[in-house]
Amino acid sequence: MKNKLLITLLASLVMSANVALAESAKDIIASAETAQKKAASVGGEWRDVGKFIKAAKTALKNGDKKKATKLAKKALQQSKDGYSQAMRQAEVALELPAYMKK
Amino acid sequence: MKVRNHWTKLLLSLTTVTIIVASTQPLLAEDKKELSKAEQGRAIAFDRKKGNCLACHVMGDGEMPGNIAPPLIVMKARYPDKAKLRAQVWDATVKNPNTAMPPFGRHQILSEKEIDAVVEYVYGL
Amino acid sequence: MNKKFKTIVLAITYSLIITSTNLQADVANDIERFQGYLMKKFPDISKQDFADGVYAIDKSSRESWEEIEEFPPYEIQIDDGKVMWDSKFANGKSYADCFKDGPAVAAQYPRWDKEKSMVITLPLAINNCLKANGEKPLKYKKGKINDILSYMTFESRGQTTNVKVPSDDPKALEAYNKGKHFWLARRGQLNLSCAACHAQNAGNKIRSEILSPALGQTTHFPAYRSKWGTVGTLHRRFSGCNKQVRAKPFKAQGEEYRNLEYFLTAMSNGIKLNGPGARK
């Protein structure tokens, strides 16, 4: 009786953690896609972001939530970096550099 | 009675699996210890998809190096403070906004651990 | 495109226009600085030599390149392109009906089109011709576009690059400035700009490859590249370069690459066309 209760408790803990992970992975993928579009809107999308998001979705479909989260986080961070890179460059890359003198 | 046996069996097998998996960990860690940090760093530095440092730097026994950047020699004399060397690898634009060197840390081209290893290797050149 | 970004670029561009007394002076000034910098970097070669890229500055690779040029790898494309030029569309018309000056018109592009308010490139003009005559447009990086382009480019050899940024339309200067910004901006995970490699480090070696100077880069496209094993367009090369710095490439013949081509070609004003080219 005691064993049965213990294992049921453990199982439900594991299951709820799994569900939480899955939801979190889905959320992060969604955030990554939003960030990807934002970076693309200023011409700052990096090469591999689309690949990571695609792979994250596949991993999630196959039940590998850890991999999905890892890939989605990568895509999200790279999208943020690409966006800030483009915004910064919009301010500083307007005239021929100083080393190009007449 | 039958149900109790099933649950106990499950608990036992879960425990056994855990013990087996845990006991293999020391073996896996030992494989990694075979390569020193500096040797790992050299591999990362020379990997075209990772550091790709040879694209621009003459360094160590690397073949067909580029000449875009200063050769990596007498590094301890040039960077007495190892942390400053690490900072340069992490983001070279801080010291030189016009640099052609990619920001390996800031743009996550290399992980923090990989940068540590590369710095270990480069510092010894 | 993001409204905020567009506003920033527009604001800066328009303030530049307002403060400058002569639109053309900006472009002429850029050309003088751009060409001056690279010609100073390689003082032993003439301005026209830049049309040969790395083969102008590296004696060892020039010899094998000259040998290749004796039996050019792009000859097939030129011949196939001539067949395309001479063939009639389904409606009985042909390319000659669109390009009234004949095939030797490469030096007329890229140019600003005031009505369409955009930069027109030769590949775009070719597809405009096809579409206007009910024909299927060609893809812009690989395939048959390279044949018709090779023929027209070959016929245009010796013509002088002469890109104009007309002062009667501020949008032309805006497109030019967008192209200039693109060329100057760092991009991709590797954080590199076109300028970083092809101006700052022109002539230096990345691994064992010599970085070509930006001056003269537009004179010899489409180009046969050994890496491609065939002839490819300028925008295909732009796309490859962007991928190499780990940036997502832009659409061939999209606004970004047409504006970039506009700026980059203007920077080679005065250099005679020598395409199609053969490169490593």
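I began with Lys178(C), which is buried at a relative accessible area of 19%. Buried here means under 20% relative accessible area, exposed over 50% and partly exposed in between, with a 1.4 Å probe and protein chains only. I then checked Glu174(C), which is buried too, at 9%. The side chains of Lys178(C) and Glu174(C) meet in a salt bridge, 3.4 Å from N to O; the term stands for a side-chain nitrogen of Lys or Arg within 4 Å of a carboxyl oxygen of Asp or Glu. Both residues sit in helix α9 of chain C, four residues apart, so about one helical turn separates them. Helices are DSSP runs of H or I with at least four residues, strands are runs of E with at least two, and both are numbered from the N terminus.

I noted that the model is predicted, with local features needing pLDDT of at least 70 and side-chain atom pairs pLDDT 80 or more, while totals for chains, interfaces and linings use all residues. Residues count from 1 along each chain, chains are lettered from A and ligands numbered from 1 as written, and side-chain values use heavy atoms without hydrogens or water.

**Entry: Lys180(C).** I found a salt bridge between Asp30(C) and Lys180(C), 2.7 Å from N to O. It links distant parts of the chain, with Asp30(C) in helix α2 of chain C and Lys180(C) in helix α9 of chain C, 150 residues apart. I checked burial as well: Asp30(C) and Lys180(C) are both buried. Lys180(C) also forms a salt bridge with Glu95(A), the closest N and O atoms being 3.0 Å apart.

**Entry: the interface of chain C and chain A.** How many salt bridges does the rule find across it? I read off two. The elements that give two or more residues to the side of chain C touching chain A are α1 (3-19), α2 (23-41), α9 and α10 (194-200) of chain C. The largest share of that side is seven residues, and they come from α2(C). I also looked up the contacts, meaning heavy atoms within 4.5 Å: 33 residues of chain C touch 22 residues of chain A. The two chains bury about 2,700 Å² between them, 60% of it on carbon and sulfur atoms. Of the area that chain C buries against chain A, Arg33(C), Leu184(C) and Lys248(C) supply 22%, more than any other three residues. Buried area is the accessible area (1.4 Å probe) lost by two parts on being put together, summed over both.

**Entry: chain A.** I counted three helices and zero strands in chain A. The C-alpha trace spans about 90 × 20 × 20 Å along its principal axes. Of the 102 residues of chain A, 38% count as buried. Among contacts in chain A with a separation of 6 or more, 71% come from residues 24 or more positions apart.

**Entry: Glu33(A).** Glu33(A) forms a salt bridge with Lys57(A), and the closest N and O atoms are 2.5 Å apart. Glu33(A) lies in helix α1 (residues 2-41) and Lys57(A) in helix α2 (residues 49-61) of chain A, so the pair ties together parts 24 residues apart in sequence. I looked up accessibility: Glu33(A) is partly exposed at 24%, and Lys57(A) is partly exposed at 39%.

**Entry: helix α11 of chain C.** Among the buried residues of α11(C), residues 234-244, I listed Leu234(C), Phe238(C) and Asn242(C). What covers the buried residues of α11(C) includes α9 (170-184), β6 (230-232) and α12 (255-266) of chain C. After α11(C) comes Arg246(C), whose phi is positive, near 65°.
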